[in-house]
Amino acid sequence: MKSNTPRNLIIISLLLLSTNLFSFVPSAHAQSSTLESIDAFIQKQMKDMLIPGIAYGLVMDNETVYTNAFGKADNDGTSMTSETPMHLGAMGKTFISTLMMKLTETNNITLNQTVQSIFPWFTTANSIESSKITLEHCLYHFTGIPTSLDISILLNNSLEEIVRKFDTIQLSSTPGSEFIYSNYNYLILGAIIEKVSNMTLNDSFHIFIADPLEMNNVYTSINEAKANGLSHGYQPWFGFQQISNKEYSKSNIVTEQFIASADDMTNFIVAHLNSGNYENITILNKTNIQMIHSIPEKFQDKSYYAMGWANHTLDEYEVISHLGNLDDTFADMMLIPSEGIGAVILINTNNFLGQTAYYQELVPSILKMLLDQEPTVRNMTYIFLYMIIDLLIILSIVFEGRRYIKFEDRLKNFLADFKDPKERRSQAIGKSIADFLIVPFILLGVPGIVSLMMGIPGFNLRMLMSLQQDLGLWIFFFGASALIQAFLRVAYFKKKKIY
């Protein structure tokens with residue numbers, strides 16, 4: 001469906017398309033026509049999805065064949081390139097699992113040993129069950145540690161100090177019995193890597209992964225990344241992209257602070273597709289690479305998750321992948337090992353609507369094009385969706401304004417329908433109670449409905465305000481307006497001595 005796009009949105013889209021392009025020379029492994037089609041597809045989706053900047057890389061036959069970038073890295077005119085550092089979010093778990101398996105090769109640790117064998121002090125609020133948690137449980141998210149926890153424990157603490165604060169965590173299930181995705185499992189692993197290697201996680205990452213793979217634009221320090229061109233993150237404000245002021249935890253290196261470029265990630269993909277080899281260097285042996293990508297038989301009927309890699313299918317192909325979702329950046333990496341192909345995409349914006357309905361389609365579409373298939377294209381563009389949202393917001397604000405203008409008239413008409421004083425009083429009380437009940441429904445119920453529809457446990461207004469500030473503010477506005485009107489009705493009924 002096509003629509004007449006407002007002139008201001010057209011201007012933004014044209015500015016996005018007018019930025020410089022940066023790319024490698026295409027390899028003979030990929031037809032130039034295919035790469036041109038992928039470029040055209042990315043540019044079209046970038047326009048339709050209001051993406052400020054995007055970088056991506058392609059791997060075929062176990063080697064990098066192409067990287068490219070479009071758009072801007074910030075508002076100062078810096079163009080996005082395939083070397084621009086960007087936040088990876090949870091995609092960094094693939095680094096942690098690779099490091100853990102490297103330690104099994106070099107430091108005589110095993111996956112079935114317990115966390116307490118390395119940290120004797122380790123415990124949760126369930127001390128007996130805590131003694132059963134193994135490294136394997138952490139890697140596959142079978143510790144029983146819940147998904148949502150108090151993020152204050154992350155602030156200004158080392159990895160070991162963070163893990164020491166787990167003594168207040170109540171386990172949701174017995175270790176080994178249930179898959180529960182939790183960032184905190186990989187924080188434990190990060191602390192273990194530092195302990196066993198006797199190095200910081202940053203040093204281990206560079207020595208065992210980044211340096212051998214020639215990942216030249218990777219950082220675990222935000223300040224260092226900023227000094228070397230870290231892209232700004234953006235969030236939409238009623239359809240217009242604005243630079244985000246999001247600050248990430250200086251301690252949460254495992255889930256928030258791994259930073260890399262599209263060039264870097266294609267080298268990492270090559271190693272994972274090529275049995276742990278990159279050019280003449282081996283970062284892991286073939287057996288360990290296969291273990292990282294696979295789910296143990298005992299967990300297969302309970303989980304989709306291997307060691308830092310999700311297992312699923314793309315049409316008839318078995319794929320492994322990992323997303324990286326932060327408030328203002330989006331990353332996705334997907335590999336088809338049987339075909340020796342993979343792709344990574346880094347986007348410097350994120351929001352709830354974009355990542356759930358649009359951004360996640362990009363990498364699968366690129367892989368389909370590499371396999372000579374048609375990409376997935378939604379009928380309703382992101383621009384058109386936001387036009388509908390903005391129209392609904394405008395209409396709802398006008399409607400809400402009219403309710404205030406004729407507020408007393410409506411209450412007079414309401415009371416006029418009830419001649420009997422007792423009935424009038426009971427109706428007024430009932431309406432007042434209903435008015436106050438609608439407030440928690442708006443503030444809690446609407447995000448709750450979204451949680452059920454999208455399958456996101458624990459989704460609430462705070463999360464919506466973080467992931468989609470404009471729509472979160474809209475819901476908050478209506479909740480506040482409903483509360484104000486509830487108090488005004490009570491004041492009016494008391495003034496008229498109804499109760």
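The model is predicted: local features need pLDDT of at least 70, side-chain atom pairs count only at pLDDT 80 or more, and totals for chains, interfaces and linings use all residues. Residues are numbered from 1 along each chain as its sequence is written, and side-chain values use heavy atoms, with hydrogens and water left out.

**Helices α2 and α14**

- Helix α2 spans residues 32–48 and helix α14 residues 362–370; helices are DSSP runs (H or I, at least four residues), numbered from the N terminus.
- Their axes come within 10 Å and cross at roughly 160 degrees, the axes being lines fitted to C-alpha atoms over the stretch in contact, with angles from 0 to 180 degrees between N-to-C directions.
- That angle makes α2 roughly antiparallel to α14 (over 145 degrees).
- In α2, Thr-34, Ser-37, Ile-38, Phe-41, Ile-42 and Gln-45 meet Leu-362, Ser-365, Ile-366, Met-369 and Leu-370 of α14 (contact means heavy atoms within 4.5 Å).
- By class, this contact has seven nonpolar, four polar and no charged residues (Ala, Val, Leu, Ile, Met, Phe, Trp, Tyr, Cys and Pro count as nonpolar, Asp, Glu, Lys and Arg as charged, and the others, Gly among them, as polar).

**The cavity**

- The whole structure holds one cavity of 30 Å³ or more (on a 1 Å grid over the protein atoms alone, a set of points where a 1.4 Å probe fits but cannot get out).
- The largest cavity has about 110 Å³ of space (the volume filled by probe spheres set on the points, which are joined across faces, edges and corners).
- Of its 13 lining residues, Gln-45, Met-49, Tyr-358, Val-377 and Arg-378 are the closest to the centre (lining residues have an atom within 4 Å of a point).
- The lining of the largest cavity divides into seven nonpolar, three polar and three charged residues, and α2 gives the most to it, with three residues.

Note on methods: Helix = DSSP H or I, 4+ residues; strand = E, 2+ residues; numbered from the N terminus. Parallel < 35°, antiparallel > 145°, perpendicular 65-115°, else oblique. 1 Å grid on protein atoms, 1.4 Å probe; cavity = no way out; pocket = protein on both sides within 12 Å on 5 of 7 lines; lining within 4 Å.
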